[in-house]
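The following questions and answers examine selected local features of one structure. Please consult the sequence and coordinates alongside them.

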Amino acid sequence: MRILLVEDHPMFRDGLARMLESVEEFEVVGEAVTGEEAVQLAQKFRPNIILMDLNLPKMSGIEATKQIIQKQPETGVLVLTMYDDDNSVFAAMRAGARGYLLKEANRNEIIRAIQAVGDGEAIFSPSIARRMMYYFESKSKQVQAEVFPQLTEREREVLDYIARGENNAGIAGVLGLNQKTVRNHVSNILSKLHASDRAHAIIMAREGGLGKENE
């Protein structure tokens, strides 16, 4: 696996290069110090994987990633940085990076991440992955609220389980409610959505993006 290192701190870059060269399947084909140099060396060496720092002179790692992926979409960019803020993470993903690791990652974590990106997978540091899950869960709830603004949050929860095919008893068990309360929620949902029956509500919910968690 051919790897290009993009890192402006000499000691960290040298240590990383030595570590990677100790892995039989890895070959470090080049080392770049600036974002501009990263773009040039990516075209010259056509690496499989690029380990990309974000805070680089002349051109940021985000912009370098964007330019590289535009020209070489088959290249796997794995960000290796000290920045763990949401703006940096999502900017890197939008630029085309397949993975995001923090520099606190140990040798085995870095090796596994490179192998995963080389296999076409996406990989993130555990703390980054947790925040991304929270972000997308929040976005999902926001979308649900926008699709069915006339429903309360609890009614949207009930509708989501209805769309998954759960009966009233099952919904009551999952949400910790009694069945009478669930029946009242279902009645309110049908009324607010102007749904003729439960099947009609399921169709509306599925079209609105609910009930798909188990798919």
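**Pocket, domains and a buried loop residue**

Q: Which helix supplies the largest share of the lining of the second largest pocket?
A: This is a predicted model, in which local features need pLDDT of at least 70, side-chain atom pairs count only at pLDDT 80 or more, and totals for chains, interfaces and linings use all residues. Residues are numbered from 1 along each chain as its sequence is written, and side-chain values use heavy atoms, with hydrogens and water left out. Strand 5 (99-102), helix 5 (107-118), strand 6 (123-124) and helix 6 (126-147) each give at least two lining residues. The largest share, 3 residues, comes from helix 5.

Q: How many residues of the lining of the second largest pocket are charged?
A: Among the lining residues are Glu 104, Glu 109 and Arg 112. Asp, Glu, Lys and Arg count as charged. The lining divides into 7 nonpolar residues, 2 polar ones and, as charged residues, 3.

Q: Is Gln 72 buried or exposed?
A: Gln 72 sits in the loop between helix 3 (61-71) and strand 4 (76-81). Buried means under 20% relative accessible area and exposed over 50%, with partly exposed in between (1.4 Å probe, protein chains only). Because its relative accessibility is 1%, Gln 72 counts as buried.

Q: How far apart do the C-alpha centres of domain 1 and domain 2 lie?
A: The chain is divided into domain 1 (2-131) and domain 2 (148-208), with bounds from an automatic or database domain assignment. The distance between their C-alpha centres is 46 Å.

Terms used: On a 1 Å grid over the protein atoms alone, a cavity is a set of points where a 1.4 Å probe fits but cannot get out, and a pocket is an open set with protein on both sides within 12 Å along at least five of seven lines; lining residues have an atom within 4 Å of a point. Helices (H or I, at least four residues) and strands (E, at least two) are DSSP runs, numbered from the N terminus.
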